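Here is a short report on one predicted model. Look at the sequence and structure first, then read on.

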Amino acid sequence: MATRSLDGDMTVDEFKEWLRRFDVDRDGRISRDELRCAMRTIRTRFSGYKSKRGINYADADGDGFIDDSEVDGLIDYAQKSLGLRIVAY
């Protein structure tokens, strides 16, 4: 899988599509391990601690996973805590 630089903007749709590629078990949700793998491909040092924080930040229903309805929270976390530039267009 190709890596992506953090130097450019990513649209919300691109972020969602990129994230879906890491849903290894195809259950429609992103686990902590899947999130950690996703962030490593864009050269973000995303430790277990940070992946747990990202899940906790965005996981509105508390099930330990990020589903489609919670991706906006993950986008917010990625922008605030990881410096990703995710734009609406």
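## A buried loop residue

I42 is buried, at a relative accessible area of 1% (buried means under 20%, exposed over 50%, partly exposed in between, with a 1.4 Å probe and protein chains only). I42 sits in the loop between α2 (32–41) and α3 (48–58). Helices here are DSSP runs of H or I with at least four residues, numbered from the N terminus.

Residues are numbered from 1 along each chain as its sequence is written, and side-chain values use heavy atoms, without hydrogens and water.

## The nonpolar core

The largest nonpolar core has 21 residues. Such a core is a set of buried Ala, Val, Leu, Ile, Met, Phe, Trp, Tyr and Cys residues joined through side-chain atoms within 4.5 Å. F15, W18, L19, M39, L74 and L84 touch the most other members. α1 (12–20), α2, α3 and α4 (71–82) each supply at least two residues. α4 gives the most, with 6 residues.

## An exposed loop residue

R26 lies in the loop between α1 and α2. R26 is exposed, with a relative accessible area of 61%. Its phi is positive, about 55°, although R26 is not a glycine.

Technical notes
This is a predicted model: local features need pLDDT of at least 70, side-chain atom pairs count only at pLDDT 80 or more; totals for chains, interfaces and linings use all residues.
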